[in-house]
Amino acid sequence: AHKNVFDTIKGIADTSYQLGYPLFFDIIAQVPPSGLLFRTYYRTRGIDRRTLTGSSNLVLGFNYGTIGEYTITEQFGEEINYVYMAGPGEDDVRSIVPFYDAARVGRSVVGLRESWVDFQDGDDDDKLESEGQRTLNANRAKKVFEGKLINSSKALYGVDWGWGDYVTADADEELFNAFITGVHVSYQDKNESVEASLRSDT
């Protein structure tokens with residue numbers, strides 16, 4: 001009851017996202033002006049434009065002239081490439097089976113990233129192997145795309161895209177699911193300037 005409201009709501013949204021259910025929230029002005037409205041959004045704050053097809057399909061990419069500067073980085077902070085699956089039982093009678101990805105372990109002399117999984121439901125080898133492989137695949141290094149969106153007739157702000165939209169970005173012959181995370185609009189001498197950024201969904 002005494003916690004900061006924003007921090008509490010953000011914590012709920014972050015937890016939901018980590019569990020695989022992207023949740024967003026915002027406070028918007030009502031039209032006509034009559035106060036503020038709190039809203040929540042599932043999956044994306046804006047429009048999921050990855051699903052659009054045909055003439056409405058929006059392609060964002062450096063080679064298409066719709067993305068400017070961008071970076072692609074690999075993040076290894078949460079990687080697990082060697083996992084010990086502990087099945088049912090206790091102490092010496094407990095089944096412990098290791099699973100690992102040799103290629104990922106061998107990337108570096110310090111590339112080994114271990115973890116222990118307590119899996120009491122793994123009462124046979126097939127269950128242990130399935131959960132071990134799932135853990136390895138779910139904890140790969142994350143490749144993160146970040147870039148600047150170019151506002152032009154090919155991809156026009158307010159028409160083809162907007163803040164919070166979920167889009168597909170094409171860079172270095174790879175496709176990334178990305179959110180438009182920020183939009184800044186300024187006016188000078190009756191000219192509008194739009195700066196926007198996008199980041200892959202990790």
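Modeller: The answers below set values from the structure against the definitions.

Modeller: This is a predicted model, in which local features need pLDDT of at least 70 and side-chain atom pairs count only at pLDDT 80 or more, while totals for chains, interfaces and linings use all residues. Residues are numbered from 1 along each chain as its sequence is written, and side-chain values use heavy atoms, with hydrogens and water left out.

Colleague: What makes β1 and β2 a hairpin?

Modeller: Strands are DSSP runs of E with at least two residues, helices are runs of H or I with at least four, and both are numbered from the N terminus. Two strands pair if DSSP finds at least two bridges between them. Strand β1 (residues 23-29) and strand β2 (residues 36-42) run antiparallel and are joined by seven bridges, so they count as paired by that definition. Ile27, for example, has Phe38 in β2 as its bridge partner. Six residues lie between the two strands of the hairpin, and Gly35 in the turn has a positive phi of about 125 degrees.

Colleague: Why are β3 and β4 called edge strands?

Modeller: They belong to an open sheet of six strands with mixed pairing, in the order β3-β9-β10-β11-β8-β4. The strands β3 (60-61) and β4 (67-75) each pair on one side only. Within this order, β9 (residues 166-171) and β10 (residues 174-188) run antiparallel and are joined by six bridges; one of the bridge pairs is Ala169 with Phe176 in β10.

Colleague: How do you know that Arg45 forms a salt bridge with Asp26?

Modeller: The term requires a side-chain nitrogen of Lys or Arg within 4 Å of a carboxyl oxygen of Asp or Glu. The closest N and O atoms of Arg45 and Asp26 are 2.8 Å apart, so the pair meets the definition. A search of the whole structure finds 13 salt bridges. Glu79, Asp101, Arg104 and Arg140 are linked in a network of them.

Colleague: What makes the salt bridge between Asp165 and Arg49 a link between distant parts of the chain?

Modeller: Their closest N and O atoms are 2.6 Å apart. Asp165 is in the loop between β8 (142-149) and β9, whereas Arg49 is in the loop between β2 and β3, 116 residues apart.

Colleague: Are Asp165 and Arg49 buried or exposed?

Modeller: Buried means under 20% relative accessible area, exposed over 50%, and partly exposed in between (1.4 Å probe, protein chains only). Asp165 has 3% relative accessibility and therefore counts as buried. Arg49 has a relative accessible area of 13%, so Arg49 is buried.

Colleague: Why is Arg50 called partly exposed?

Modeller: Arg50 counts as partly exposed because its relative accessibility is 32%. Its side chain meets that of Asp48 in a salt bridge (2.8 Å, N to O).

Colleague: How do Asp125 and Ala138 compare with these cut-offs?

Modeller: Asp125 is in helix α3 (residues 125-138) and counts as exposed because its relative accessibility is 58%. Ala138 is also placed in helix α3, but counts as partly exposed because its relative accessibility is 46%.
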